[in-house]
2 protein chains.
Amino acid sequence: MTPIPIDDPADPRLAAYTRMRERDLVGREGRFIAEGEVVLRVLLSGSARFRVESVLVSPERLPGLERALAHLDAPVYLASKAVMGAVAGFPIHRGVLAVGLRGPEPAPDALVPAGPALLLGLVGLANHDNVGGIFRNAAAFGADAVLLDSETCDPLYRKAIRVSAGTSLTVPFARVPTGDELLALCERCALTPVALSPRGEDITTLPPLPRALLLLGTEGPGLPEAMMARARRVAIPMAPGVDSLNVAVAGAVALHRLGGGRVAAG
Amino acid sequence: MTPIPIDDPADPRLAAYTRMRERDLVGREGRFIAEGEVVLRVLLSGSARFRVESVLVSPERLPGLERALAHLDAPVYLASKAVMGAVAGFPIHRGVLAVGLRGPEPAPDALVPAGPALLLGLVGLANHDNVGGIFRNAAAFGADAVLLDSETCDPLYRKAIRVSAGTSLTVPFARVPTGDELLALCERCALTPVALSPRGEDITTLPPLPRALLLLGTEGPGLPEAMMARARRVAIPMAPGVDSLNVAVAGAVALHRLGGGRVAAG
């Protein structure tokens with residue numbers, strides 16, 4: 001790996017890094033931006049799906065990353081933070097960026113393991129912090145995969161990857177068109193669809209569910225009633241008068257309970 | 001309640017609402033800003049500690065709030081969203097603001113109940129989203145109070161109140177100077193200090209702790225080692241290779257476990 005110094009913010013080799021925030025909104029045709037050292041290291045640690053197209057780092061950050069970048073088969077551009085900021089359109093305090101290639105999305109059914117299975121199904125989640133947080137929790141509690149309906153926002157959005165601590169690059173995910181299609185997949189794959197509801201059975205006394213898909217709906221309205229009716233409804237015990245938790249937090253408590261023996265204390 | 005129309009952003013009666021973001025950073029001498037209808041309703045629903053100094057709403061929002069404001073013993077100012085934005089210094093999309101009075105802070109020991117007790121102790125938490133989220137979780141899982149060291153940020157900061165869904169106005173809290181003082185309080189009040197550590201005992205098989213204070217430290221470094229050594233260390237089981245959860249999420253799972261019989265499923 002020989003870093004390539006670039007001084008000119010208009011250099012065409014940095015085109016994928018330009019006007020970053022505007023392009024966050026419209027998508028990047030098969031690419032995504034990885035930001036910060038934690039996320040870059042996850043991306044470099046390799047996945048069958050994602051590849052690095054290029055890396056852009058400031059000179060201060062290069063020494064700490066040299067070993068991690070040593071065997072990378074993609075260009076590493078070196079630019080001052082001032083040039084990085086001029087390219088991106090806002091200050092890049094961390095001095096570490098990369099462009100990743102999304103690769104082909106797996107078929108949803110291919111992500112359902114034989115035997116014990118715990119998946120997440122996200123329906124209409126429009127908040128990147130929540131989606132990123134849910135991936136981080138899915139990784140921590142050993143979920144097999146995350147399935148997202150078409151209304152749910154992109155887990156490879158820059159901020160979602162960052163909030164996920166890079167786990168949206170490691171937890172397998174795929175899109176399904178609708179929440180109903182998630183329920184159809186549960187039938188096909190013999191998964192119990194589980195929904196959180198204050199009027200469900202107490203999750204603390206729930207018998208183990210060896211094959212489950214935990215459905216999480218938009219904050220506020222939650223899951224559509226018609227989906228709720230077709231799922232096994234479970235409740236996280238809460239204090240009187242409190243009607244909800246943040247969706248990522250509720251999902252974490254449910255994954256912790258549903259995961260049971262999947263993960264072990266150190 | 002007779003609303004008082006105001007057209008002039010420079011009207012001295014709106015002084016407490018001016019330059020809102022700049023003053024978020026320096027504090028408001030005994031006051032705080034409540035933003036949005038959810039938070040305003042919590043504030044109006046009454047607490048021994050907090051009082052409303054004034055309310056500022058846009059004409060569109062008044063009809064929906066009239067009943068809630070009917071018995072308020074404080075002025076309700078009525079201004080267009082344009083005037084509200086000019087006063088605050090940024091657009092007030094929700095059209096609902098209030099100034100609250102902080103009231104006297106309780107003594108930390110006074111917040112420890114006799115009998116069963118579950119408190120939170122926050123050490124060096126500098127992120128308002130996390131502190132707000134922790135209050136929301138404390139309310140959901142029936143914690144008695146939150147104690148904050150002097151490094152932890154203000155739960156009455158505008159954004160922290162909003163993320164807490166108003167619960168930083170309902171869950172009692174007090175400051176202690178340092179984390180060591182939290183441990184001293186645990187000794188005085190016969191509370192078991194509990195800390196989360198990947199090398200602790202498995203929280204899923206922990207015997208009930210009738211009187212506990214859950215310590216949560218800064219994301220990244222976590223609790224200082226010296227505090228960790230004096231606490232009962234418990235682990236949330238996680239997948240291999242995953243070393244942490246977001247601090248508010250980890251706290252929620254721990255409160256769910258430690259809370260045990262405090263709260264009930266619907």
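Guide: Two strands are taken to pair if DSSP finds at least two bridges between them. The model discussed here is predicted. By that criterion, the strands β8-β7-β6-β10-β9-β11 of chain B form, in this order, an open sheet of 6 strands with parallel pairing.

Visitor: What makes β8 and β11 of chain B edge strands?

Guide: Each of these two, β8 (173-175) and β11 (232-235) of chain B, pairs on one side only. Between neighbouring strands of this sheet the average turn is 35°, with direction ignored.

Visitor: How do you know that β9(B) and β11(B) pair?

Guide: The requirement is at least two bridges. Strand β9 of chain B, residues 192-202, has 5 bridges with β11(B), in the parallel sense; therefore the two count as a pair. One bridge can be named by its residues: B:D202 is partnered by B:A235 in β11(B).

Visitor: Which helices pack on this sheet, and which strands do they touch?

Guide: Helix α5 of chain B (residues 128-140) packs on it and touches β6 (117-123), β7 (145-148), β8 and β10 (211-217) of chain B. The direction of α5(B) makes about 175° with that of β6(B). Helix α9 of chain B (residues 247-259) also packs on the sheet, where it touches β6, β9 and β10 of chain B. Its direction makes about 170° with that of β10(B).

Visitor: Why is β10(B) called mostly covered?

Guide: A residue is buried when its relative accessible area is under 20%. In β10(B), 6 of the 7 residues are buried, hence the description "mostly covered".

Visitor: How many bridges join β10(B) to β6(B), and how many to β9(B)?

Guide: β6(B) and β10(B) run parallel and are joined by 7 bridges, with B:A117 opposite B:R211 in β10(B). β9(B) and β10(B) pair over 4 bridges, again in the parallel sense, and B:T192 stands opposite B:A212 in β10(B).

Visitor: Which residues of helix α7(B) are buried, and why are they said to lie on the same side?

Guide: Within α7 of chain B (residues 179-188), the buried residues include B:G179, B:L182, B:L183, B:L185 and B:C186. They span an arc of only 155° around the axis, which places them on the same side of α7(B). Among the elements covering the buried residues of α7(B) are β6, β7, β9, β10 and α8 (225-230) of chain B. Just after this helix, B:A190 has a positive phi of about 55°.

Visitor: What is the pairing in the open sheet of 5 strands of chain B?

Guide: The pairing there is mixed, and the order is β1-β4-β3-β5-β2. β1 (4-5) and β2 (31-35) of chain B are its edge strands, since each pairs on one side only. β1(B) and strand β4 of chain B (residues 76-78) have 2 bridges, in the parallel sense. As at least two are required, the two strands therefore count as paired. In this pair B:P5 stands opposite B:L78 in β4(B). Helix α3 of chain B (residues 62-69) lies across β3 (51-57), β4 and β5 (96-101) of chain B, at about 160° to β3(B).

Visitor: What does the UniProt annotation cover in chain A?

Guide: The unreviewed UniProt entry assigns "domain: tRNA/rRNA methyltransferase SpoU type" to residues 118-256 of chain A. This span is 32% helix and 25% strand, and its end C-alpha atoms lie 11 Å apart.

Methods:
Residues numbered from 1 in each chain as written. Chains lettered and ligands numbered in written order. Predicted model: local features only at pLDDT ≥ 70, side-chain atom pairs only at ≥ 80, totals over all residues. Heavy atoms only, no water. Axes fitted to C-alpha atoms, helices over the stretch in contact; angles between N-to-C directions. Contact = heavy atoms within 4.5 Å. Buried < 20%, exposed > 50% of the residue type's maximum accessible area, 1.4 Å probe, protein only. Arc of directions from axis to C-beta. UniProt positions renumbered as here; feature names shortened; annotations may be inferred.
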